[in-house]
Amino acid sequence: MMTKAKGFPINYIVSMSSLRRIFDDRKRFRWWQLIFLFLFINGCLMMPISVHLSSATQAPLSLIAPRIDQSIKRAVDLDGTIKAGTLIHATETKRNFDRQTIVATDPENMFKVSGNPYHQTINGYKNALIFQKNRLILTDQNGYGFVISYPKHKTFSLADDRDNVKGLAAELWMDQFKPIYVAVVSLISFAALLISNLILMSVIAVILWITKYTKISDIQSLRESCTIVMTAAGWPSLAALFLSLFSFDYGLLMMVQTVGLVLVLSLVFWRTHFQNYRRVTRRHLTVLGDESK
């Protein structure tokens, strides 16, 4: 039974308000509206991801400089303090982990770098983590290399962070390149969400559409099955959104939405059997005969 016509997207909220309406309003939306709803749902799911990324203080060093991350497996004995954007109280120290990897303090700026802003190199080393007077040099054999200026509003002690020199480097990198990091990771995450949800919802929609060839369903077109899936995805997506805002986990986000979608569709089938509402009226037959006198 179709609901009273309402403007888009208010009619989407009305359609997802009950199990019966999820099925009965399957002819409500056009293709462009379904595409808009699909992008909107995925955009909403990006909200907890963006909040998580914006609150991050470190970028994974395994992502930025994987060889450096693999090479440094023990505490590095460095000294000095980064204060007001300058390395002070530091002596020149070198720690070679192999012929191509070095971790050092270089207050005299003896190491020279060359290259463009995202592909810096140091002559003689493919992998380097070097604290200079006013900057950190971070290069890796994966081809990426960065010159990172020390923040003027923070203070770091290399001696206190000798057990976590990789974490210190990751924090300094994030302090300078956070806008780029958030933008790139958000774009990749959004693409991953789109692809995973496109596969999930397409498979379910095709399965529902195939039921048109059986007697168990009144679904007549692929657009109808897509509408059912998109409408059923409303509440699970909201649940995944709010849960992830309080405790973010990408796996949890996808699991809640996927399990919730399957659960809602199961309840819709239980409520409607994927068949139109039919009113059955009982008819009583009255037999009139001769009355005995």
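Let me begin with the salt bridges, of which the count comes to 5, where a salt bridge is a side-chain nitrogen of Lys or Arg within 4 Å of a carboxyl oxygen of Asp or Glu. Please keep in mind that this is a predicted model, in which local features need pLDDT of at least 70 and side-chain atom pairs count only at pLDDT 80 or more, while totals for chains, interfaces and linings use all residues. Residues are numbered from 1 along each chain as its sequence is written, and side-chain values use heavy atoms, with hydrogens and water left out.

One of these bridges joins Glu224 to Arg26, with N and O at 2.9 Å, and this pair links distant parts of the chain, since Glu224 sits in helix H7 and Arg26 in the loop between H2 and H3, 198 residues apart. Helices (H or I, at least four residues) and strands (E, at least two) are DSSP runs, numbered from the N terminus. Glu224 is buried at a relative accessible area of 5%, and Arg26 is buried at 3%, where buried means under 20% relative accessible area, exposed over 50%, and partly exposed in between (1.4 Å probe, protein chains only).

Arg28 forms another bridge, with Asp25, at 3.9 Å between the closest N and O atoms; Arg28 is buried at 17%, and Asp25 is buried at 1%.

Turning to helix H7 itself, residues 222-232, we find 9 of its 11 residues buried, among them Cys226, Ile228 and Met230. The buried residues of H7 pack against several helices, including H1 (10-15), H3 (31-55) and H9 (250-272), contact meaning heavy atoms within 4.5 Å.
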